[in-house]
Amino acid sequence: MSAIVVLGGLILARPILALAAGDGSSGAAADAARLESRGRSLSPKQTAGLFELAARAKRAGRLDDADAVYRRILDDDPLHRLARRALLELARRRPLPGSSPAYDHARALLPPRFGEYQTRRFVVLSDADVSWTRLQAQRLERAHHQFHRFARRLGLEPLPLRHKLVCVLFADRVEYQQFARTKDDVADPWIAGYYSPKNDRVVFYQGEANPSVVEARHRLKQMRCEMDSLAREADDAAREGRREHARVLRQQQQRYRDHLQRESARVSAFAEQISTATTIHETTHQLLFHTRLQSPRIQYPIWISEGLATSFETDDPDSAFGPDHEYAPRREAFGKVLRADDLVELRDLVALTRLAPTDERLIHAVYQQSYALVTWMNRSRRDELAAYLRLMLAEPPGSITADRYRALFEQAFGDIDRLQRAWLKHERSQLEP
């Protein structure tokens, strides 16, 4: 069990002693064992029996067990309307647990120095700066809010969270990379953050540890040393009576100071932009899969997964963001790809599931194109976009062929080539002359 303490808008969890035996929990344990035994005897297709099992669990006050039963039905039939409605209704009565297999796994892997912070919907495990950790926690909550706002606009029904989502924050980039490689099998640990579907957690390192930021800070430190040297030279010149020379040196020192202030602000803004955009991007992946707007049992084409995640990126999480709001860095990058005519044919893009990590040009083009395509669809093909997500959700587990990807796309959006022409006509009309 845990005692929950509110601190600075966050909730900190600390262990307390478990209840002693003889508190009446033995009867509840027996009920749970009977429900679990009954649940194992039913297949996901025996929905009548599973609904009755969920009803018994609710009557016994075992809301977590009822939640698990409804999700078992949805694992077999992701669009089962009655199970979805029942789960959404149950979520209104069921407190969101902080503990979960995802939490237990992450906690067991991390050193004791990692502090624990809880918000309404997230558990954050961090050894990074406390103020930055709190800021990250706020970004996670904002991502959740804007994600649900987008889902409502599309008429989609995300499943409620099963438990608080897990986020791990590292102060040190090298430790983050080692964790990514050895614990989550992340092939590219140089990235600033990632979502692990297998372990249902997002992982980041502090923006100030970004190599570009570290290098820029080092250059600023060198400039400060040069500025201090100018100050000493100016003082020496003044003491020796070389007033004009001292004046020139002090003017030069002031120019250094002004430049340092501008550059320091720019570097700080860059670090925050990377941190914010990456946090929102990866948390969007987590929300899409955890709420079953995307199924973890099939592989999605890159365009829809990364198109949705990039379309939520922002450097101003306090304002509205998401696919109906442009993110300038992505929009500018896509404009360059479009002007260079470096696009991937839509017929190929909609079936693309892998990118060679060495093909940086293709990676860049696919990500920017996916961003632009999803944001356009959100405005011009909103019903079709929602239909596509439902069609993908209904696909049986297993591999999907390129032809099947194209067939599903055309079932939702119509002819691929016709759609490409309409989309690119719009995009080219938006380019500045």
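**Exercise 1.** How are α2 and α3 oriented to each other: roughly parallel or roughly antiparallel?

**Solution.** The model is predicted, with local features requiring pLDDT of at least 70 and side-chain atom pairs pLDDT 80 or more, while totals for chains, interfaces and linings use all residues. Residues are numbered from 1 along each chain as its sequence is written, and side-chain values use heavy atoms, without hydrogens and water.

Step 1. Helices are DSSP runs (H or I, at least four residues), numbered from the N terminus. Helix α2 (residues 47-59) packs with helix α3 (residues 63-76) at about 165°, the axes being 7 Å apart. Axes are lines fitted to C-alpha atoms over the stretch in contact, and angles run from 0 to 180 degrees between N-to-C directions.

Step 2. Angles over 145 degrees count as roughly antiparallel and those under 35 as roughly parallel; α2 and α3 are therefore roughly antiparallel.

Step 3. Contact (heavy atoms within 4.5 Å) involves, among others, L50, F51 and A54 of α2 and A66, V69 and I73 of α3.

**Exercise 2.** Determine which residues line the second largest cavity.

**Solution.** Step 1. A cavity is a set of points on a 1 Å grid over the protein atoms alone where a 1.4 Å probe fits but cannot get out; lining residues have an atom within 4 Å of a point.

Step 1. The lining comprises Q146, R149, F150, R153, L154, F321, G322, P323, D324 and N378.

Step 2. Helix α6 (residues 130-154) supplies the largest share of this lining, 5 residues.

Terms used. On a 1 Å grid over the protein atoms alone, a cavity is a set of points where a 1.4 Å probe fits but cannot get out, and a pocket is an open set with protein on both sides within 12 Å along at least five of seven lines; lining residues have an atom within 4 Å of a point. Helices (H or I, at least four residues) and strands (E, at least two) are DSSP runs, numbered from the N terminus. Angles under 35 degrees count as roughly parallel, over 145 as roughly antiparallel, 65 to 115 as roughly perpendicular and the rest as oblique.
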